[in-house]
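Please read this report with the sequence and the model side by side, and look up each residue as it is named.

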Amino acid sequence: MKVTVIGAGAVGATCADNIARKELCNELVLLDIKEGVAEGKAQDMMQTATLLGFDTKIVGSTNDYSKTAGSDVVVITSGLPRKPGMTREELIGVNAGIVKSVCENVLKYSPDAIIIVISNPMDTMTYLALQSTGLPKHRIIGMGGTLDSARFKYQLSQHLECSPADLNAVVVGGHGDTTMIPLIRLATWNSTPVTNFLSTEQQEKIVKDTMVGGATLTALIGTSAWYAPGAAGAALVESIVRDEKKLFTCCVSLDGEYGQKDICLGVPVVIGRNGWEKILDFQLNDSEQAAFQKSADAVRSMNDVLKTL
Ligand code: APR
């Protein structure tokens with residue numbers, strides 16, 4: 001099994017580190033456009049192999065895509081991160097050019113790869129990857145909802161004073177601060193609805209804090225977060241290479257599901273060796289479906305910006 005991570009910045013390097021520690025592949029390639037960065041980080045990570053006890057070979061590359069040849073999975077993290085006060089949407093101009101050219105280069109050497117998109121604005125970058133490559137839709141997966149759902153579980157665990165591992169909770173819709181939809185009605189604590197244990201005020205706060213989870217960290221750190229985004233990318237890689245068929249919320253191409261077409265948006269999907277394998281219908285109620293429609297409208301107008309670039 002071979003995995004490539006494009007972009008050796010904060011998110012890409014963290015994702016690669018997680019992939020190596022879990023020994024998800026024999027060969028892991030880290031590629032960046034900045035001279036020497038990927039080689040340096042690959043070497044640094046390889047020097048943890050004896051300390052952490054993993055056997056994955058990590059190779060760094062400065063923009064040489066021949067090193068990525070034959071990858072089964074490619075994770076795209078290249079692009080600008082947010083600065084404090086910025087929305088993910090403001091990154092569209094620069095990151096669209098980067099994601100498009102990266103996809104072209106990747107497919108020259110790995111025509112059968114499954115592509116995971118992390119670069120922001122993630123919903124639009126996933127749509128762009130699908131449109132520009134023409135790949136079968138099951139092979140293009142946007143990571144956003146996986147991260148947002150992990151952040152949702154974190155917020156819930158803080159209020160419930162419980163282990164996040166005991167929670168099931170998903171965020172659907174877009175990956176923007178105003179477009180994501182934490183489905184608190186469906187969230188459970190070991191199969192009991194979390195709403196049984198939380199006041200209305202607590203529920204509202206959890207939903208709100210989840211939605212601005214990324215912006216909160218950007219304000220604290222000065223750039224966008226990387227530990228959870230990197231781990232979320234690696235969790236998807238794991239479900240693919242081990243054919244785990246785990247359920248994640250991912251941004252995928254919709255063809256009538258959840259009432260939407262010609263858009264990539266976050267919905268619950270089974271992730272396995274073939275990419276995203278099926279979409280689950282969580283039977284949204286009227287207000288959740290209305291929020292999903294609003295989210296789709298916002299993402300669609302952002303996708304329209306692609307036509308002007
Ligand atoms: N090809 C390869 N690498 C590139 C390219 C390119 N065309 N353009 C930029 N890069 C690299 C940069 O050199 C940098 O090392 O992408 C890396 C991005 O790393 P960071 O600046 O540390 O950004 P990071 O925090 O990792 O975020 C990356 O993920 O979560 C999203 O919003 C975030 O879009 C951003 C992306």
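Residues are numbered from 1 along each chain as its sequence is written, and side-chain values use heavy atoms, with hydrogens and water left out.

The pLDDT is the predictor's confidence in each residue, on a scale from 0 to 100. For the protein chain its mean is 97, and 100% of the residues reach 70 or more. The elements named here are DSSP runs numbered from the N terminus, with helices (H or I) of at least four residues and strands (E) of at least two. Among these elements, strand E1 (residues 2-6) has the highest mean pLDDT, 99, whereas helix H8 (residues 213-221) has the lowest, 95. Where pLDDT is low, the predicted coordinates should not be read in detail.

An open sheet is formed by 3 strands in the order E7-E10-E11, with antiparallel pairing. Strand E7 (167-168) and strand E11 (192-193) stand at the edges with a single partner strand each, so one side of each has no neighbour in the sheet. Two strands are said to pair if DSSP finds at least two bridges between them, and strand E10 (residues 188-189) pairs with E11 in the antiparallel sense over 2 bridges. Here threonine 188 stands opposite proline 193 in E11.

The whole structure contains 15 salt bridges, where a salt bridge is a side-chain nitrogen of Lys or Arg within 4 Å of a carboxyl oxygen of Asp or Glu. The table gives three of them.

| Pair | Distance, N to O |
|---|---|
| lysine 22 and glutamate 238 | 2.8 Å |
| lysine 100 and glutamate 104 | 3.8 Å |
| glutamate 244 and lysine 246 | 3.9 Å |

Lysine 22 counts as partly exposed at 35%, whereas glutamate 238 is buried at 12%. Lys22 and Glu238 are also linked with Arg242 in a network of salt bridges.

Lysine 100 and glutamate 104 are 4 residues apart in helix H4 (residues 92-109), a separation of about one helical turn. Lysine 100 is partly exposed at 38%, and glutamate 104 is partly exposed at 47%.

Which residues are the closest to the ligand? They are Ala10, Val11, Asp32, Leu80 and Asn120, out of 21 residues that surround the ligand, counting those with a heavy atom within 4 Å. A side-chain N or O atom of aspartate 32 is 2.6 Å from an oxygen atom of the ligand, and a backbone N or O atom of alanine 10 lies 2.9 Å from a ligand oxygen atom. Taken alone the ligand exposes 730 Å², and the protein buries 87% of that, with accessible areas coming from the Shrake-Rupley method with a 1.4 Å probe and, for residues, only the protein chains shown counting as cover.

Key:
This is a predicted model: local features need pLDDT of at least 70, side-chain atom pairs count only at pLDDT 80 or more; totals for chains, interfaces and linings use all residues. Buried means under 20% relative accessible area, exposed over 50%, partly exposed in between (1.4 Å probe, protein chains only). A polar contact is a pair of N or O atoms within 3.5 Å; within protein, one must be able to donate a hydrogen and the other to accept it, and residues adjacent in sequence count only if both atoms are side-chain atoms.
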